[in-house]
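Colleague: I am new to this structure and would like to go through it by question and answer. Please end each answer on the name or value I ask for.

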Amino acid sequence: MPIRLSDLLAAPGLNLRGCGTAEPTSALLQWVAVTELEDPFPFLGGGEVVLTTGLRHRSGAVQRSFVDSVHRSGALAIGFGTGLSHAKVPAALLEAATQRGLPVFEVPYETPFVALGKMVADALAADHVTQLRDLLAAHQSLAAALLGGKGLPGLLQELSVLLGSPVALYQYGARLFATGARAETGPRERLPIATGLRDRCTLMIAQPYRRPDIVAYAQSLISVELSNQARRRTRERAVTGQLLADVVAGRLTGADASLRLQGAGISMTRRNVTFLVQAASGQVRSLPALPLPSEFDGASTAVVDGLLAIVVPEGSRTDLARILSDYLYGSGLTATIGIGGSYAEPAGLRWSYFEAKESLQRGQNLNEPVRLSLTSLLMSGTAVPLADLAAEALDPLTDFDAAHDAKLLETLEQYLALNGSVAAVADELGLHRNTVRYRLGQITELTGYDPAVTADRVHLFLALNVRSLGLGTSGRQTPSLPPTTR
């Protein structure tokens, strides 16, 4: 530990003698400064013992001015060396120091100033070594907690013990871990954690706390661990996503599907619910690494066709959906959630996925499953190149609209949505009925399909739905009915 003035005065062999009536302060000595200047104020930083022989302090005025300068600097005491220019401590200096409460002590001729400086410097060096040793031990303790199998919770627990204060970690607005309520409700310090992502990760520490020197290292360890977790999630969701895509497409079925899904953490002996998260186009890249609230710790996650799929055991489906929706909103993600039904076995998982995907088309924040339509099943499972058929029917309209701003595709969508009512389409689009009829004629001429004819209308309806779902051209088998009812 650094020493105090009383320790310095009591040191054996230095033969220092206190003068005047000012009591030594309990503050720790920061340094020993030797000067013969009349005004040393510009060269002092406070907390020192100032040593002088008074070589240039001949008059009482100069001595009082010297004391004033030392006092203003925040120095803790004056050590006056006798036997060189002064036989004893000058009375004017001692009087001025006593008036200002500045301790003064005599340094006899046989005691070199360097002995005092060495004693203070050795104490400071020993303290610095102790601090470094303690800091290294704390760093090792934090690293051991993280790498010794305890993971991030173990690291935060150890950090809380070392700081003597509760801590909490938040990411994307959700609490990952907390060691006490005071880190979340009372006075606390908020520290950012850098992970290379725009994830608003924050470490909260309840105030007051000790050992602030270890916080920066803890921040770096947490940052590295969260980055590693994000990379692991990305890899695992890519692998599970390929597995889920094979099951949904019918390329993997039966016992083989059950076995591989079991390896991915999805039990086929229980009923499961599928959530699909669709993010805005500019935020899709966040989904592979996105952490989830603790309520989803037992869930299996995957990325399929740009959607985050979350498979959870049957339970509080509505509560989990609301938690997920609130979490996404708090994370700053513009996302919608499609919810599938609760089924068992691989065929049931496919059915739940199709229900969740179709429910996304309603575009609400939360989209509950509804009865699947025949149209959805055809589009989800047909083995023909759906995208090519849709393009053959609709590309002439999109090209014509792009060239002439004719809004033929919009007119077709409204016509089919309003059950072929020209009057309703005219009211919806603010057009004359003859304008609507003219556009329908253009659609027939460009596509070869007449929306007024039932067979052609069905073809155009399917093409529009294929395009809205963004389905590819790869062949997929029709999904079988779920083995169990909801």
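Predicted model: local features only at pLDDT ≥ 70, side-chain atom pairs only at ≥ 80, totals over all residues.

Colleague: How much space lies in the largest pocket?
Modeller: Rolling a probe the size of a water molecule over the atoms shows where empty space is left. For the largest pocket, that space comes to about 630 Å³.

Colleague: Which residues are the closest to the centre of the largest pocket?
Modeller: The lining of the largest pocket is made up of 23 residues. By class, eleven of the lining residues are nonpolar, six are polar and six are charged. The closest to the centre are Gln229, Arg233, Pro291, Leu292 and Asp297.

Colleague: Which element gives the most to the lining of the largest pocket?
Modeller: Two or more lining residues come from each of helix H4 (113–163), strand S7 (174–178), helix H6 (215–249) and strand S11 (300–304). The one that gives the most, with six residues, is H6.

Colleague: Which residues touch the most other members in the largest nonpolar core?
Modeller: In soluble globular proteins, nonpolar side chains tend to be buried together. Here the largest nonpolar core has 23 residues. Those that touch the most other members are Phe275, Val277, Phe296, Ile310, Leu324 and Leu328.

Colleague: Which element gives the largest share of this core?
Modeller: Strand S10 (272–279), strand S12 (307–313), helix H8 (317–330) and strand S13 (335–343) each give two or more residues to the core. The largest share is five residues, and the element that gives it is H8.

Colleague: How many residues are in the other core, the one with Leu142 and Ile222?
Modeller: That core lies apart from the largest one. Among its members are Leu142, Leu159, Leu162 and Ile222. Its number of residues is 22.

Colleague: Which residues does Phe296 touch, not counting residues up to four places away in sequence?
Modeller: Phe296 is placed in the loop between S10 and S11, and is buried. With residues up to four places away in sequence left out, Phe296 touches Phe275, Ile310, Val312, Leu320, Ile323 and Leu324.

Colleague: How many residues apart in sequence are the parts that the pair of Phe275 and Phe296 ties together?
Modeller: The structure holds two aromatic pairs. In one of them, Phe275 and Phe296 are edge-to-face, 6.4 Å centre to centre with 65° between the planes. Phe275 lies in strand S10 and Phe296 in the loop between S10 and S11, so the parts tied together are apart in sequence by 21 residues.

Colleague: Are Tyr353 and Phe354 buried or exposed?
Modeller: Tyr353 and Phe354 form an edge-to-face aromatic pair, 6.2 Å centre to centre with 75° between the planes. Buried means under 20% relative accessible area. Tyr353 is at 3% relative accessibility, so Tyr353 counts as buried. Phe354 is at 3% relative accessibility too, so Phe354 counts as buried.

Colleague: How far apart in space are Ile323 and Glu295, C-alpha to C-alpha?
Modeller: Ile323 is in helix H8, and counts as partly exposed at 29% relative accessibility. Its contacts, not counting residues up to four places away in sequence, are Pro293, Glu295 and Phe296. In sequence, Ile323 and Glu295 are 28 residues apart, while in space, C-alpha to C-alpha, the distance is 8.2 Å.

Colleague: Which residue does a cis peptide bond join to Gln207?
Modeller: Omega of this bond is about -5°.

Colleague: Is Asp305 buried or exposed?
Modeller: Asp305 is in the loop between S11 and S12. Phi of Asp305 is near 55°, a positive value in a residue other than glycine. The cut-off for exposed is over 50%. Asp305 has 60% relative accessibility and therefore counts as exposed.

Colleague: What is the relative accessible area of Glu345?
Modeller: Glu345 is another residue other than glycine with a positive phi, near 70°. Its place is in helix H9 (residues 345–360). Glu345 is partly exposed, and its relative accessible area is 39%.

Colleague: Which residues does Ser69 touch, not counting residues up to four places away in sequence?
Modeller: Ser69 sits in helix H2 (residues 60–73). With a relative accessible area of 2%, Ser69 is buried. Not counting residues up to four places away in sequence, Ser69 touches Asp39, Pro40 and Phe41.

Key. Residues numbered from 1 in each chain as written. Heavy atoms only, no water. 1 Å grid on protein atoms, 1.4 Å probe; cavity = no way out; pocket = protein on both sides within 12 Å on 5 of 7 lines; lining within 4 Å. Points joined across faces, edges and corners; volume = space filled by probe spheres on them. Helix = DSSP H or I, 4+ residues; strand = E, 2+ residues; numbered from the N terminus. Nonpolar A, V, L, I, M, F, W, Y, C, P; charged D, E, K, R; others polar. Core = buried A, V, L, I, M, F, W, Y, C linked by side-chain atoms within 4.5 Å. Buried < 20%, exposed > 50% of the residue type's maximum accessible area, 1.4 Å probe, protein only. Contact = heavy atoms within 4.5 Å. Phe/Tyr/Trp six-rings, centres within 6.5 Å; stacked < 30°, edge-to-face > 60°.
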